[in-house]
Amino acid sequence: MIKCPRCGFHNQNNDKYCIYCGFKLISNLDNASDKTVIKQKNMVISILLAIFLPGISYFYIEQWYSGILFLLLIPLIFISYAVIAAFYSTTYNISSEIGVYLVVLTWFVLYIFQIYKVIKLTKLINQGIIRF
Ligand SMILES: [Zn+2]
(Lines give C-alpha, C1' and ligand atoms only; values in the text may rest on other atoms or scores of the structure.)
Protein backbone atom coordinates (compact mmCIF):
# COMPACT_ATOMS: atom_id res chain seq x y z
CA MET A 1 0.00 0.00 0.00
CA ILE A 2 1.30 3.43 -0.95
CA LYS A 3 -0.31 6.38 0.74
CA CYS A 4 -0.56 9.34 -1.62
CA PRO A 5 1.41 12.25 -0.08
CA ARG A 6 -0.98 14.77 -1.62
CA CYS A 7 -4.45 13.39 -0.88
CA GLY A 8 -3.80 10.49 1.45
CA PHE A 9 -5.48 7.92 -0.78
CA HIS A 10 -4.19 4.37 -0.35
CA ASN A 11 -2.93 3.07 -3.69
CA GLN A 12 -1.71 -0.37 -4.70
CA ASN A 13 2.04 -0.94 -4.44
CA ASN A 14 2.53 -1.08 -8.22
CA ASP A 15 0.59 2.09 -8.98
CA LYS A 16 2.77 4.78 -10.54
CA TYR A 17 0.21 7.52 -10.09
CA CYS A 18 -2.39 8.12 -7.43
CA ILE A 19 -5.71 6.72 -8.67
CA TYR A 20 -7.58 9.43 -6.84
CA CYS A 21 -5.69 12.65 -7.64
CA GLY A 22 -3.05 11.66 -10.18
CA PHE A 23 -0.07 12.58 -8.05
CA LYS A 24 3.14 10.87 -9.20
CA LEU A 25 4.00 8.22 -6.64
CA ILE A 26 7.19 6.67 -8.04
CA SER A 27 9.45 9.66 -7.37
CA ASN A 28 8.34 9.60 -3.78
CA LEU A 29 8.96 5.89 -3.40
CA ASP A 30 12.64 6.09 -2.48
CA ASN A 31 12.33 8.58 0.30
CA ALA A 32 8.87 7.34 1.24
CA SER A 33 10.39 4.46 3.15
CA ASP A 34 12.49 6.91 5.15
CA LYS A 35 9.72 9.40 5.70
CA THR A 36 6.88 7.10 6.68
CA VAL A 37 8.55 5.56 9.68
CA ILE A 38 6.53 2.67 11.01
CA LYS A 39 5.67 3.49 14.57
CA GLN A 40 6.66 0.70 16.91
CA LYS A 41 4.62 -0.04 19.98
CA ASN A 42 6.15 -2.09 22.73
CA MET A 43 4.21 -5.37 22.96
CA VAL A 44 5.14 -5.86 26.63
CA ILE A 45 3.77 -2.42 27.54
CA SER A 46 0.63 -3.12 25.47
CA ILE A 47 -0.02 -6.40 27.25
CA LEU A 48 0.81 -5.06 30.73
CA LEU A 49 -1.51 -2.08 30.21
CA ALA A 50 -4.24 -4.35 28.87
CA ILE A 51 -3.97 -6.56 31.97
CA PHE A 52 -3.64 -3.88 34.65
CA LEU A 53 -5.24 -0.81 33.07
CA PRO A 54 -7.88 -2.11 30.63
CA GLY A 55 -8.93 0.60 28.23
CA ILE A 56 -5.81 2.71 28.80
CA SER A 57 -3.94 0.21 26.64
CA TYR A 58 -5.97 1.44 23.66
CA PHE A 59 -4.63 4.95 24.20
CA TYR A 60 -1.07 3.65 24.29
CA ILE A 61 -1.51 2.15 20.80
CA GLU A 62 -3.36 5.34 19.73
CA GLN A 63 -6.72 3.66 19.11
CA TRP A 64 -8.61 6.57 20.64
CA TYR A 65 -12.16 5.60 19.68
CA SER A 66 -11.77 2.05 20.97
CA GLY A 67 -10.30 3.37 24.21
CA ILE A 68 -13.10 5.85 24.80
CA LEU A 69 -15.71 3.23 23.87
CA PHE A 70 -14.20 0.73 26.26
CA LEU A 71 -14.07 3.22 29.13
CA LEU A 72 -17.70 4.18 28.45
CA LEU A 73 -18.71 0.53 28.64
CA ILE A 74 -17.62 0.24 32.28
CA PRO A 75 -20.25 2.62 33.74
CA LEU A 76 -22.77 1.19 31.25
CA ILE A 77 -22.28 -2.31 32.67
CA PHE A 78 -22.86 -1.06 36.19
CA ILE A 79 -25.92 0.94 35.19
CA SER A 80 -27.41 -2.12 33.47
CA TYR A 81 -26.56 -4.14 36.56
CA ALA A 82 -28.46 -1.69 38.74
CA VAL A 83 -31.43 -1.82 36.36
CA ILE A 84 -31.43 -5.62 36.23
CA ALA A 85 -31.03 -5.90 39.99
CA ALA A 86 -33.88 -3.47 40.62
CA PHE A 87 -36.08 -5.22 38.05
CA TYR A 88 -35.53 -8.70 39.45
CA SER A 89 -35.88 -7.74 43.09
CA THR A 90 -39.19 -5.97 42.53
CA THR A 91 -40.74 -8.21 39.85
CA TYR A 92 -39.68 -11.71 40.81
CA ASN A 93 -38.45 -11.18 44.32
CA ILE A 94 -35.20 -12.90 43.36
CA SER A 95 -31.99 -11.84 45.00
CA SER A 96 -29.82 -9.51 42.98
CA GLU A 97 -27.09 -12.16 42.88
CA ILE A 98 -27.96 -12.93 39.27
CA GLY A 99 -27.16 -9.33 38.42
CA VAL A 100 -23.76 -9.66 40.08
CA TYR A 101 -23.02 -12.78 38.04
CA LEU A 102 -24.07 -11.01 34.86
CA VAL A 103 -21.82 -8.03 35.59
CA VAL A 104 -18.85 -10.24 36.46
CA LEU A 105 -19.39 -12.38 33.36
CA THR A 106 -19.82 -9.38 31.05
CA TRP A 107 -16.78 -7.71 32.52
CA PHE A 108 -14.70 -10.90 32.21
CA VAL A 109 -15.65 -11.36 28.52
CA LEU A 110 -14.83 -7.72 27.79
CA TYR A 111 -11.58 -7.94 29.72
CA ILE A 112 -10.35 -11.00 27.78
CA PHE A 113 -11.58 -9.47 24.51
CA GLN A 114 -9.65 -6.23 24.97
CA ILE A 115 -6.42 -8.08 25.83
CA TYR A 116 -6.78 -10.15 22.65
CA LYS A 117 -7.66 -7.03 20.64
CA VAL A 118 -4.75 -4.95 21.97
CA ILE A 119 -2.24 -7.72 21.19
CA LYS A 120 -3.65 -8.08 17.67
CA LEU A 121 -3.65 -4.30 17.04
CA THR A 122 -0.11 -3.89 18.41
CA LYS A 123 1.08 -6.60 15.99
CA LEU A 124 -0.65 -4.87 13.05
CA ILE A 125 0.82 -1.49 14.03
CA ASN A 126 4.34 -2.89 14.33
CA GLN A 127 4.00 -4.54 10.93
CA GLY A 128 3.00 -1.19 9.48
CA ILE A 129 -0.45 -2.43 8.46
CA ILE A 130 -2.14 0.10 10.74
CA ARG A 131 -0.64 3.56 10.33
CA PHE A 132 -1.39 6.85 11.95
ZN1 LIG B 1 -3.61 11.32 -4.42
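**Chat: Thr-122 and the zinc site**

Reader: Let's start with Thr-122. Is that residue buried or exposed?

Author: Buried: this is a predicted model, and in it Thr-122 has 0% relative accessibility, so it counts as buried.

Reader: Which helix is Thr-122 in?

Author: Thr-122 belongs to helix α5, which covers residues 97–126.

Reader: And what does its side chain reach?

Author: The Thr-122 side chain gets to the backbone oxygen of Val-118, at 2.6 Å.

Reader: Leaving out residues up to four places away in sequence, what does Thr-122 touch?

Author: With those set aside, Thr-122 has contacts with Lys-41, Met-43, Ser-46 and Ile-61.

Reader: OK, switching to the metal. Which residues are the protein donors of the zinc ion?

Author: Cys-4, Cys-7, Cys-18 and Cys-21, each through SG, at 2.2 to 2.3 Å from the zinc ion. Along the sequence these donor residues follow the spacing C-x2-C-x10-C-x2-C.

Reader: What's the geometry of the zinc site?

Author: Tetrahedral, with angles of 105 to 114° among the four donor atoms.

Reader: Are Cys-4 and Cys-18 buried or exposed?

Author: Cys-4 is buried because its relative accessibility is 3%, and Cys-18 is buried too, at 4%.

Reader: What about Cys-7 and Cys-21?

Author: Cys-7 has a relative accessible area of 34%, so it is partly exposed. Cys-21 is also partly exposed, at 27%.

Reader: Last one: how many disulfides?

Author: Zero, taking a disulfide as a pair of cysteine sulfur atoms within 2.5 Å.

Notes
Residues numbered from 1 in each chain as written. Predicted model: local features only at pLDDT ≥ 70, side-chain atom pairs only at ≥ 80, totals over all residues. Heavy atoms only, no water. Helix = DSSP H or I, 4+ residues; strand = E, 2+ residues; numbered from the N terminus. Buried < 20%, exposed > 50% of the residue type's maximum accessible area, 1.4 Å probe, protein only. Polar contact = N/O pair within 3.5 Å; in protein donor to acceptor, adjacent residues only side chain to side chain. Contact = heavy atoms within 4.5 Å. Donors = N, O, S within 2.8 Å, 3.2 Å for Na, K, Ca; no water. Tetrahedral: all angles 85-135°; square planar, octahedral: opposite > 155°, others 65-115°.
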